[in-house]
Amino acid sequence: MHKDHIYAEPLAHIQDFRFDDQVADVFPDMIQRSVPGYQSIIQTIGQLASRYQQANSHFYDLGCSLGAASLAMRRNISAAGCKIIAVDNSPAMVQRCQRHLEAFRSEVPVTVLEGDIREVAFENAAMVVINFTLQFLAKQDRSPLLKKVYQALKPGGILVLSEKIISAHSRSNQLLVDLHHDFKRANGYSELEISQKRTALENVMQPDSIAAHQQRLEQVGFTESTVWFQCFNFCSMIAFKQP
Ligand SMILES: Nc1ncnc2c1ncn2[C@@H]1O[C@H](C[S@+](CC[C@H]([NH3+])C(=O)[O-])CC(=O)[O-])[C@@H](O)[C@H]1O
Ligand SMILES: O=C(O)C(=O)Cc1ccccc1
């Protein structure tokens, strides 16, 4: 596995973070060392696929990167006529995701699409996963996407939404950010790596608060949602479409 050293040396000019070849090559290491609970979240997505599968339905992985959530769902689907659709707009990610999925055998078909999740049409969904992707969309694009997801879900279907979050209170927000930075340091990132990556993400990733997410989910039609995971400033929610 390739180790992430992208921000290890001082950069004269820190460019906005992009999901290019350089990032795709180190992505498993980067996400593992940067997102507390990432592995547990992926495993739980598999468990949820097992519980919420419906025959003849679609499972979407929006902003799939290398397809970790798709692989977890695929291992857990046994119902007839199911299909996974993984979407990402980064050619570097889509290329590697395709290869990754081909490396393991399965009965469940997976289609990997290179495209913008704001433009792709969804239908017939038992489960939609948006694992750390909504945070990269402009704020005004978030509700329209979630509305589209709500409309594509079958009765009894679920959305799994994982996000980096901010807290509205500055003291708690600062503590969660500090604890996250401790986590990165404990995983071998230097102060320079932490601060240069933080700068690179500043313009491209705008987290919402949990309250803002809950309000948006309700506004697009989800009458019930719950936070099932939180560690520091990272959380994962499940939103339900009524059966
Ligand atoms: N508009 C867009 N359309 C399609 N893809 C997009 C868009 N914007 C960003 N992306 C894609 O969303 C992914 C976000 S990473 C997801 C991890 C994965 N879910 C995982 O479970 O390992 C999270 C992170 O790096 O923090 C990248 O691959 C982008 O190319
Ligand atoms: O690294 C960080 O500080 C993060 O917020 C998480 C992350 C992980 C991988 C790509 C972009 C952001």
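I count a polar contact as a pair of N or O atoms within 3.5 Å; within protein, one of them must be able to donate a hydrogen and the other to accept it. I'm working on a predicted model here.

**Entry 1: Ser 209**

A polar atom of its side chain lies 3.1 Å from the backbone nitrogen of Ala 212, so the pair falls within the 3.5 Å limit. I looked up where Ser 209 sits and found it in the loop between helix 7 and helix 8 (210–220). With a relative accessible area of 18%, Ser 209 is under the 20% limit and therefore counts as buried.

**Entry 2: ligand 1**

Next I went to ligand 1. I get 21 residues around ligand 1, and the closest are Tyr 38, Gly 63, Ser 65, Asp 88 and Asn 131. Sorted by class, that shell has 10 nonpolar, 8 polar and 3 charged residues.

Which backbone atoms lie by a nitrogen atom of ligand 1? A polar backbone atom of Gly 63 is 2.8 Å from a nitrogen atom of the ligand. For Ile 117, a backbone N or O atom lies 3.0 Å from a ligand nitrogen. For Asn 89, a polar backbone atom is 3.2 Å from a ligand nitrogen. I then checked the cover: on its own ligand 1 has 660 Å² of accessible area, and the protein covers 94% of that.

Is Gly 63 buried or exposed? I get a relative accessible area of 14%, so Gly 63 is buried. Its place is the loop between strand 1 (58–62) and helix 3 (68–76). Not counting residues up to four places away in sequence, Gly 63 touches Val 87, Asp 88, Ile 117 and Thr 133.

Arg 198 is in helix 7. At 44% relative accessibility, Arg 198 counts as partly exposed. Leaving aside neighbours within four places in sequence, I see Arg 198 in contact with Val 177 and His 181.

**Entry 3: ligand 2**

Then I moved on to ligand 2. Around ligand 2 I list Phe 17, Met 30, Ser 34, Val 35, Lys 164, His 180, Lys 184, Lys 197, Leu 201, Met 205 and Phe 234. By class, I get 6 nonpolar, 2 polar and 3 charged residues in this shell. Which helices each supply at least two residues of the shell? I found helix 1 (21–34), helix 6 (170–186) and helix 7 (191–202).

I went through the lysines one by one. An N or O atom in the side chain of Lys 197 is 2.6 Å from an oxygen atom of ligand 2. For Lys 184, a side-chain N or O atom is 2.7 Å from a ligand oxygen. Lys 164 has a polar side-chain atom 2.7 Å from an oxygen atom of the ligand. The protein covers 93% of the 320 Å² of accessible area that ligand 2 has on its own.

**Entry 4: positive phi**

Asn 56 is not a glycine, yet has a positive phi of about 55°. I find Asn 56 in the loop between helix 2 (38–52) and strand 1, partly exposed at 49% relative accessibility.

Asn 124 also shows a positive phi, near 60°. Its place is the loop between strand 3 (110–114) and strand 4 (125–131). With a relative accessible area of 31%, Asn 124 is partly exposed.

Definitions and conventions: Residues numbered from 1 in each chain as written. Chains lettered and ligands numbered in written order. Predicted model: local features only at pLDDT ≥ 70, side-chain atom pairs only at ≥ 80, totals over all residues. Heavy atoms only, no water. Near = heavy atom within 4 Å. Areas by Shrake-Rupley, 256 points an atom, 1.4 Å probe, with all protein chains shown as cover. Helix = DSSP H or I, 4+ residues; strand = E, 2+ residues; numbered from the N terminus. Nonpolar A, V, L, I, M, F, W, Y, C, P; charged D, E, K, R; others polar. Buried < 20%, exposed > 50% of the residue type's maximum accessible area, 1.4 Å probe, protein only. Contact = heavy atoms within 4.5 Å.
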